[in-house]
Amino acid sequence: GGFNEGLYGYAVPHDNGAEFGKVARFSLADFGSVEVLDLQEMDADLAGFVGGFTDGLHGYVLPFGGQSNSSGKVVRFGFAWPTATTG
């Protein structure tokens, strides 16, 4: 999944052979600049998300509940990276 906010698009991480937690941000103007926020650097459990959205101030990614190892943690991050919180 993914969502956009003004100048950037965000790709929500789910599974690349194993659940992972790297949110990719890319420029909507040129698709040339990509930045990555690695949520697992904050908390190893932050992996395998199913969707995301923005409230205009923050981005949110939602945990995939289909796995027994799902953390159940919703992550909120500011658009001025690399800040993130869980709840």
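Trainee: In this predicted model, which residue in β3 is the bridge partner of Ala-11?

Mentor: The bridge partner of Ala-11 in β3 is Ala-24.

Trainee: What makes β2 and β3 a strand pair?

Mentor: A pair needs at least two bridges found by DSSP, and strand β2 (residues 8-11) and strand β3 (residues 22-27) are joined over four bridges in the antiparallel sense; the two strands therefore count as paired.

Trainee: Where do β2 and β3 stand in the order of their sheet?

Mentor: The order is β1-β2-β3-β4, in an open sheet of four strands with antiparallel pairing.

Trainee: Why are β1 and β4 said to stand at the edges?

Mentor: Strands β1 (2-5) and β4 (34-38) each have a single partner strand, so one side of each is left without a neighbour in the sheet. Between neighbouring strands of this sheet, the turn is 20° on average, with direction ignored.

Trainee: How many helices and strands does the chain have, and how do the elements run?

Mentor: The chain has zero helices and eight strands, and from the N terminus on its elements run β-β-β-β-β-β-β-β.

Trainee: What share of the residues is called buried, and what does that word require?

Mentor: Buried requires a relative accessible area under 20%, and 30% of the 87 residues of the chain count as buried. The accessible surface of the chain comes to about 4800 Å², and 53% of that surface belongs to carbon and sulfur atoms.

Trainee: What share of the contacts with a separation of 6 or more comes from residues 24 or more positions apart?

Mentor: Such residues account for 34% of those contacts in the chain.

Key
Residues numbered from 1 in each chain as written. Predicted model: local features only at pLDDT ≥ 70, side-chain atom pairs only at ≥ 80, totals over all residues. Heavy atoms only, no water. Buried < 20%, exposed > 50% of the residue type's maximum accessible area, 1.4 Å probe, protein only. Contact = heavy atoms within 4.5 Å. Areas by Shrake-Rupley, 256 points an atom, 1.4 Å probe, with all protein chains shown as cover. Axes fitted to C-alpha atoms, helices over the stretch in contact; angles between N-to-C directions.
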